[in-house]
Amino acid sequence: GVGNIGSSSVGFNTVHATATSAQYADLAERYTADQDYEAGTVMIFTDTNSDYEVTESTRSHDRSVAGVISTNPAYLMNSTTEGVALALQGRVPCKVLGPIQRGELVVTSNTPGTAQSLDDSSYLPGVVIGKALGTIEDDSVQTIEVVVGRL
């Protein structure tokens, strides 16, 4: 009797957890930014002269990359402080300049707030944001899912 109750209870909880958390897939933290940025924007840490912690990326393969503005984080650290929600780990929609294939490493690009695939010849430790989950066949900018923090 007790075994059956336990099983059905576990089954119910599993279904419930999946239903409520499926669309929220990243861990984010608040950082102060020089302005509001739309979800999917690639951000860098500012230099010490700035009053803000993060700003939009503008250079290709930037080692000061901080993360991607979260669309709807599953968990938000420092949630009561001011600032933008920056995805640090997990799946997040991200503005990416193609072409890129699923599984390729993602870095900043020269297009503001937009990522691109890694050029191996420009690799330096710290430039990688994560890995592409989506694919873009041409050289357009599209929003695709990126797994942030997967190196």
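The protein chain exposes about 8600 Å², and carbon and sulfur atoms supply 50% of that area; accessible areas come from the Shrake-Rupley method with a 1.4 Å probe, and for residues only the protein chains shown count as cover. This is a predicted model, in which local features need pLDDT of at least 70, side-chain atom pairs count only at pLDDT 80 or more, and totals for chains, interfaces and linings use all residues. Residues are numbered from 1 along each chain as its sequence is written, and side-chain values use heavy atoms, with hydrogens and water left out.

**Chain overview**

- Along the sequence the pattern is α-β-β-β-β-β-β-β-β-β-β.
- Of the 151 residues, 35% count as buried (under 20% relative accessible area; exposed is over 50%, partly exposed in between; 1.4 Å probe, protein chains only).
- Among contacts (heavy atoms within 4.5 Å) with a separation of 6 or more, 61% come from residues 24 or more positions apart.

**Aromatic pair**

- One aromatic pair is found in a search of the whole structure; rings of Phe, Tyr and Trp (its six-membered ring) pair if their centres lie within 6.5 Å, and planes under 30 degrees apart count as stacked, over 60 as edge-to-face and the rest as tilted.
- The ring centres of Y31 and F45 are 5.9 Å apart and the planes stand at 70 degrees, so this pair is edge-to-face.
- Y31 belongs to strand β1 (residues 26-31) and F45 to strand β2 (residues 42-45), so the pair ties together parts 14 residues apart in sequence.
- Y31 counts as buried because its relative accessibility is 15%, whereas F45, at 38%, counts as partly exposed.

Notes:
Helix = DSSP H or I, 4+ residues; strand = E, 2+ residues; numbered from the N terminus.
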